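I opened my notebook to look through this structure, one topic at a time. Here is what I looked up.

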Amino acid sequence: MDIHASPSGLPGADGRMPPALMLSGVSRRYAQGAAALEILRSADLAILPGQSVALVAPSGSGKSTLLHIAGLLEHSDEGEVFIGGVATARLPDPVRTRIRRLQIGFVYQFHHLLPEFTALENVAMPQMIRGLRAGDAKARAGELLAYLGLGARLDHRPSELSGGEQQRVAIARALVNAPGLLLADEPTGNLDPKTSDHVFGALTELVRATQVAALVATHNLDLAARMDRRVTLRDGKVVEMA
């Protein structure tokens, strides 16, 4: 696989920046009684900054496992995971946690917003945890929410927002700290088709505007077709789709 990158996080010999995410020879197996169930088998994947990739595969094929390994939530049994060119497999857990907090954004099927806080506060909070002053964090959060069409909903709590609005808040929260990588697991799976289309459009537009690399697991082939690349899992390996 031609990745045009050095593992140091610096440009490769041809001057190109490394992939935001690279999986190299990643394998993962789980014990199933006396046997071992192999979910990923020497899987390779590289995603460049600003590139959106749809992961389309049936339930039980290993999509969530791949996302967890890519997001440093789970260790692989073999292989390496590079985040921005930095090898992470052998890093101590506190360092992996720091990389995950600063360089990776997550969006899930269920928004997981904090119910007692407003949309603005939900998006400002990750920045404040990172050390930004409250006023600056709220200003940035307001700009991002306005970009996503929620400028009039800043002071609404999650219970006062529609499902699509809640998910757009979750997208803003995932991207507010400008991560290099966005991982999304069925981000529109809990929405009706019209709302799903609108939310997915907002997600892809923001990915291109911020030049974040995005890996999005989805069952929706129509939505997947709007992304730059489509991959699937076959016999534990990542395979490009036509």
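**Strand S3 and its neighbours.** I started with S3, which runs parallel to strand S8 (residues 213-217) and is joined to S8 by four bridges. Helices (H or I, at least four residues) and strands (E, at least two) are taken as DSSP runs, numbered from the N terminus, and two strands pair if DSSP finds at least two bridges between them. Val-53 has Leu-215 as its bridge partner in S8. I then found that S3 also pairs with strand S9 (residues 229-234), in the parallel sense over three bridges. There, Leu-55 has Val-231 of S9 as its bridge partner.

Next I asked which way the side chains of S3 (residues 52-55) point. Ser-52 and Ala-54 point one way, Val-53 and Leu-55 the other way, and all are buried. I use buried for under 20% relative accessible area, exposed for over 50% and partly exposed for what lies in between (1.4 Å probe, protein chains only). In a regular strand the side chains alternate between the two faces of the sheet.

**Ground rules.** A note to myself: this is a predicted model, in which local features need pLDDT of at least 70 and side-chain atom pairs count only at pLDDT 80 or more, while totals for chains, interfaces and linings use all residues. Residues are numbered from 1 along each chain as its sequence is written, and side-chain values use heavy atoms, with hydrogens and water left out.

**The antiparallel sheet.** I looked up an open sheet of four strands, with the order S2-S1-S4-S5 and antiparallel pairing. Strand S2 (35-47) and strand S5 (86-87) stand at the edges with a single partner strand each, so one side of each is left without a neighbour in the sheet. Strand S1 (residues 21-32) pairs with strand S4 (residues 78-83) over five bridges, in the antiparallel sense. Leu-21 has Ile-83 as its bridge partner in S4. Helix H1 (residues 63-70) lies across S1, S2 and S4 and runs at about 125 degrees to S1.

**H5 against H6.** How are helix H5 (residues 163-175) and helix H6 (residues 193-210) packed? Their axes are 10 Å apart, at an angle of about 15 degrees. The axes are lines fitted to C-alpha atoms, for helices over the stretch in contact, and angles run from 0 to 180 degrees between N-to-C directions. H5 and H6 are therefore roughly parallel to each other; angles under 35 degrees count as roughly parallel, over 145 as roughly antiparallel, 65 to 115 as roughly perpendicular and the rest as oblique. On the H5 side the contact includes Gly-164, Gln-167 and Ile-171, and on the H6 side Thr-195, His-198 and Ala-202 are among the residues involved. Contact means heavy atoms within 4.5 Å.

**H4 against H5.** Here I noted an angle of about 130 degrees, with the axes 10 Å apart. That makes H4 oblique to H5. Arg-140, Leu-144 and Leu-145 of H4 make the contact with Val-169, Ala-172 and Leu-175 of H5.

Arg-140 lies in helix H4 (residues 134-147) and is partly exposed, at a relative accessible area of 29%. Not counting residues up to four places away in sequence, Arg-140 touches Gln-127, Leu-175 and Val-176. Arg-140 and Gln-127 are 13 residues apart in sequence and 8.9 Å apart in space, C-alpha to C-alpha.

Val-169, in helix H5, counts as buried at 1% relative accessibility. Leaving out residues up to four places away in sequence, Val-169 touches several residues, including Leu-113, Val-123, Leu-145 and Leu-161.

**Positive phi.** Two entries to go with the backbone. Leu-72 has a positive phi of about 60 degrees although it is not a glycine. Leu-72 sits in the loop between H1 and S4 and is buried, with a relative accessible area of 3%. Asp-235 is also not a glycine and has a positive phi, near 55 degrees. Asp-235 belongs to the loop between S9 and strand S10 (237-240). Is Asp-235 buried or exposed? Asp-235 is exposed, with a relative accessible area of 61%.
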